[in-house]
Amino acid sequence: MTNSLKRILCAGLLFAAAFSIQAQPEAPPVIVSEAQIQSFPLTAEALGNARANEAVDIRPEITAAITKIRFGEGQPVKAGDVLLELESSEPLADLAAARAALVDSSSQYRRSEELFKTRVVSASQLEQLEAKRDADQAAVNAAQARLAQTVIRAPFDGVLGLRRVSLGSIVNPATIITTLDDTSQIKLDFDVPEVFLSRLEPGLIVTAHSAAWPEIDFRGEVSTVDTRVDPVSRTITVRALLDNNDNKLRPGMFLTVTLLKDDVEALMIPEQSVVPERSKQYVFILDADNIVERREISTGRRRPGQVEVTAGLEPGELVIAEGTQRVKPGQPAKIVGVLDEMDGA
């Protein structure tokens, strides 16, 4: 091989080596942040409607005329207190007739029992008389029930509303006589986003405010969380109970609600680390060798500059906070800074 050919081959090898070195991309610089468990108190604000602990429209079960009104508007009552009496002459007459028939059939059955022992009365005759006695007893029970319907009583302790009928009025099951509300406690129903579902439980403290009493904090506790999430609004209904011993809250009032739970911790990462793609959320993480990995995560609540990760990430893993546009999965990256989530620096 001539010297000139050797020089040409050497020059070609040097050029190929230089090109290979130049073709290798440099590791892109990135700023990372460590996924950390941090205190993240549960705070949710919502609008709620006040409801009575128990509420009912007082209506009669029969059609009859009012003979006595025994309550006053706004009066507190106890369960079983008589509120109204209806015309009862016909039910009383029916009860008297039923009792008379029962006395007769019972007497015949007792005599027939004695005669049955001497075989004067057959077993079938005795059975017929027993059936007649039982039927008359049922008729008495039915007449007593109809008579009881002429007296209207309070079904539970509470406060009566406005009276809507007068003495002598003919009422029927569609007539509202008055209302009865138990307002010693107020049920407050409000909707919160489904992202809070894993944190909701009975016993959480709520604070409510009313435009009628702006200076008062009405405090209570969550009693029930609904079993279903609204598929349209993606919210779930929560019910809280508020003490109302001073009777300031009324059913139907509109309240603003703040729900708070202090002892909640969450896995937090910088908000800019999250890369949305269609309906999914991703982050780029670095392993021990600074190799980039793309990973899908599930996110929860947010606060300025931070987002909660509910699945897909472990505490201590490094996520790329700045430089996500420059990296690709499987390639190395160069750490040039660390973002401190606690102070955003």
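Helices, of at least four residues, and strands, of at least two, are DSSP runs numbered from the N terminus.

**Figure 1. Overview of the predicted model.** The structure shown is a predicted model. Its secondary structure comes to three helices and 21 strands. The protein has 345 residues, of which 34% count as buried. Among contacts with a separation of 6 or more, 74% are accounted for by residues 24 or more positions apart. The protein exposes about 20500 Å², and carbon and sulfur atoms supply 52% of that area.

**Figure 2. The salt bridge between arginine 51 and aspartate 189.** Side chains of opposite charge can pair when their charged atoms come close. Across the whole structure, a search finds 12 salt bridges. One of them joins the side chains of arginine 51 and aspartate 189, with a distance of 3.6 Å from N to O. Because arginine 51 belongs to strand β3 (residues 42-58) and aspartate 189 to strand β10 (residues 178-193), this pair ties together parts that lie 138 residues apart in sequence. Arginine 51 counts as partly exposed, at 43% relative accessibility, whereas aspartate 189 counts as buried, at 17%. A network of salt bridges links Arg51, Asp189 and Arg239.

Figure 3. The side chain of arginine 294 meets that of glutamate 277 in a salt bridge of 2.5 Å, N to O. Arginine 294 lies in strand β18 (residues 292-303) and glutamate 277 in strand β16 (residues 275-277), so the pair ties together parts that are 17 residues apart in sequence. Arginine 294 is partly exposed, with a relative accessibility of 34%, and glutamate 277 is partly exposed at 40%. Glutamate 293 forms a salt bridge with arginine 295, in which the closest N and O atoms are 3.4 Å apart. Glutamate 293 is partly exposed, with a relative accessible area of 35%.

**Figure 4. The surroundings of glutamine 306.** Glutamine 306 is found in strand β19, which covers residues 306-311. With a relative accessible area of 7%, glutamine 306 is buried. The side chain of glutamine 306 makes a polar contact of 2.8 Å with the side chain of arginine 303. Another polar contact, of 3.2 Å, joins the side chains of glutamine 306 and glutamine 38.

**Figure 5. Helix α3 and its buried residues.** The buried residues in α3 include Leu126, Leu129, Asp136, Val140, Ala143 and Leu147. An α-helix has 3.6 residues a turn, so residues three or four places apart point the same way.

Figure 6. Threonine 150 is found in the loop between α3 and β7 (151-153). Threonine 150 counts as buried, with 2% relative accessibility; the cut-off for a buried residue is under 20% relative accessible area. Apart from neighbours within four places in sequence, threonine 150 is in contact with Ile62, Leu84, Glu85, Leu86, Glu87, Ser88 and Pro91.

Conventions:
Residues numbered from 1 in each chain as written. Predicted model: local features only at pLDDT ≥ 70, side-chain atom pairs only at ≥ 80, totals over all residues. Heavy atoms only, no water. Salt bridge = Lys/Arg side-chain N within 4 Å of Asp/Glu carboxyl O. Buried < 20%, exposed > 50% of the residue type's maximum accessible area, 1.4 Å probe, protein only. Polar contact = N/O pair within 3.5 Å; in protein donor to acceptor, adjacent residues only side chain to side chain. Contact = heavy atoms within 4.5 Å. Areas by Shrake-Rupley, 256 points an atom, 1.4 Å probe, with all protein chains shown as cover.
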